[in-house]
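The sequence and the model are shown first, and a description follows.

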Amino acid sequence: MEVTADRDPALAGARDILPLLAALAPFGMAIGATAAAAEGSALASWAGSWLIYGGTAQLVTAQLHDAGAALPAIALAVLVANARLSLFGAAMATHWQGTSLRWRLFAGYLLVDPLYVVAAAHHAGSADPTTRRRYYLGAGLTMWVGWVAANGAGAVGGGNLPDFFGPAVLLPLALVAMTLRVSIDRPARVAAVTAAVVALALHGLPMRSGLLIAGGAGIAAGLRAEGGRS
Amino acid sequence: MRAWTVVLAAGVVTYGLKVSALLVLSRRPIPDGLRRAGAYVAPAMMAALAASGLAPSHLMPNGAEAGRLLGAVVVTAVALRARSMLLPLGAGVVACLLGGVLTP
């Protein structure tokens with residue numbers, strides 16, 4: 001995969017994540033509006049964008065809160081829906097061996113799907129720890145600022161966005177683009193296709209729990225394809 | 001007040017998921033199998049999310065199903081040839097809009 005070549009890795013990171021931010025910002029606005037309506041407070045809704053900082057978790061939280069679910073049920077749903085984030089953390093840990101506790105605590109906070117996609121691709125081609133950190137911060141802070149701003153605009157502006165910008169339309173397109181960006185060789189493509197097929201087959205499972213199974217099946221298929229290549 | 005409690009709880013759970021593996025794995029040798037598996041986390045999870053997002057949904061606005069699928073096809077076709085993500089996403093959005101408009 002190509003990543004932006006730039007003298008300043010932070011600028012390169014910001015530049016690489018901007019297209020994804022542009023695609024996901026309307027989704028952030030929609031989440032801001034949904035959460036504000038569900039939680040009855042634009043301020044609490046906006047605070048969720050930086051206290052939770054994860055689109056799926058924010059959406060699940062707002063929907064279950066609106067439905068009157070108990071706090072443990074909401075926490076469990078967030079745990080299941082976002083379990084993939086621990087996989088992202090494990091994958092990033094392979095690039096951040098020996099880094100400081102402060103870095104891991106802060107970098108972990110910034111970790112969301114689009115940042116993982118661009119950072120994993122960059123780190124695979126860059127071994128210098130300082131370059132990696134600057135790239136990650138450039139991309140991560142750009143995403144954070146844009147996401148928090150988009151959520152705030154949605155929370156204040158209300159649900160005036162066309163349906164086109166809702167999570168059901170624009171978000172899958174961004175996810176398709178991200179998938180193709182990280183499917184750089186045959187084993188990765190095998191992993192992606194397998195995961196997609198399993199995810200479709202298990203789409204009806206509660207709390208999106210089929211996603212984790214699909215992800216696991218995809219990873220196993222990728223490893224198997226890798227073995228067949230050597 | 002309950003809204004803030006819910007948001008804080010969701011935030012703690014999400015943050016815990018993000019940093020747990022980082023805290024455990026960054027200071028000790030990572031097994032080779034886990035390192036190899038890490039290379040497939042992104043393609044597998046992104047593809048699962050994308051497929052799940054493209055599956056029929058009650059959230060889907062009327063008439064937009066065809067537009068969304070057309071958009072996904074165009075994103076795929078363009079992304080296979082383009083280096084940046086801006087072009088495929090832009091083309092996909094246009095195709096999605098056109099497909100939605102043209103679908104009765």
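## Domains of chain A

The centres of domain 1 and domain 2 of chain A, taken over C-alpha atoms, lie 23 Å apart. Domain 1 of chain A covers residues 9–164 and domain 2 covers 183–230; such bounds come from an automatic or database domain assignment. The model is a predicted one, in which local features need pLDDT of at least 70 and side-chain atom pairs count only at pLDDT 80 or more, while totals for chains, interfaces and linings use all residues. Residues are numbered from 1 along each chain as its sequence is written, and chains are lettered from A and ligands numbered from 1 in the order in which they are written.

Contact between the two domains involves 6 residues of domain 1 of chain A and 6 residues of domain 2 of chain A, where two residues are in contact if their C-beta atoms, placed from the backbone, lie within 7 Å. On the side of domain 1 of chain A that touches domain 2, the elements giving two or more residues are α4 (71–81) and α5 (84–93) of chain A. The largest share of that side, 3 residues, is from α4(A). By class, this side of domain 1 of chain A has 5 nonpolar, no polar and 1 charged residues. In this classification Ala, Val, Leu, Ile, Met, Phe, Trp, Tyr, Cys and Pro count as nonpolar, Asp, Glu, Lys and Arg as charged, and the others, Gly among them, as polar.

## Overall form of chain A

Chain A contains 11 helices and 0 strands; helices (H or I, at least four residues) and strands (E, at least two) are DSSP runs, numbered from the N terminus. The radius of gyration of chain A is 18 Å, close to the 17 Å given by the globule rule for 230 residues, so chain A is as compact as a globular protein of that length. The radius is taken over C-alpha atoms, and the rule is 2.2 Å times the number of residues to the power 0.38. Along the principal axes, the C-alpha atoms of chain A fill a box of roughly 55 × 40 × 35 Å.

Of the 230 residues in chain A, 56% are buried. A residue is buried if 20 or more other C-beta atoms lie within 10 Å of its own, exposed if 12 or fewer, and partly exposed in between, with C-beta atoms placed from the backbone. Among contacts in chain A between residues at least 6 apart in sequence, 72% join residues at least 24 apart.

## Chain B

Chain B has 5 helices and 0 strands. Buried residues account for 49% of its 104 residues. Of the contacts in chain B with a separation of 6 or more, 49% are between residues 24 or more positions apart.

## Where the chains meet

The contact takes 83 residues from chain A and 66 residues from chain B. Helix α9 (residues 170–182) of chain A gives the most to the side of chain A that touches chain B, with 12 residues. The residues on this side of chain A divide into 55 nonpolar, 20 polar and 8 charged.

One helix pair shows the packing between the chains. Helix α2 (residues 42–51) of chain A and helix α1 (residues 2–25) of chain B have axes 9 Å apart and pack at an angle of about 10 degrees. Axes are lines fitted to C-alpha atoms, for helices over the stretch in contact, and angles run from 0 to 180 degrees between N-to-C directions. The helices α2(A) and α1(B) are therefore roughly parallel to each other, since angles under 35 degrees count as roughly parallel. In this pair, A:A44, A:A47, A:G48 and A:L51 of α2(A) meet B:A3, B:W4, B:V7, B:L8 and B:G11 of α1(B). By class, the contact of α2(A) with α1(B) has 7 nonpolar, 2 polar and no charged residues.

## Two loop residues of chain A

The buried residues of α2(A) are A:A44, A:S45, A:W46, A:A47, A:G48 and A:S49. A:Y53 lies in the loop between α2 and α3 (55–66) of chain A. Although A:Y53 is not a glycine, its phi is positive, about 50 degrees. Most residues other than glycine have a negative phi. A:Y53 is buried, with 22 other C-beta atoms within 10 Å.

A:H95 belongs to the loop between α5 and α6 (101–110) of chain A. With 19 other C-beta atoms within 10 Å, A:H95 is partly exposed. Not counting residues up to four places away in sequence, A:H95 touches A:H123 and A:R132.

Methods
Parallel < 35°, antiparallel > 145°, perpendicular 65-115°, else oblique.
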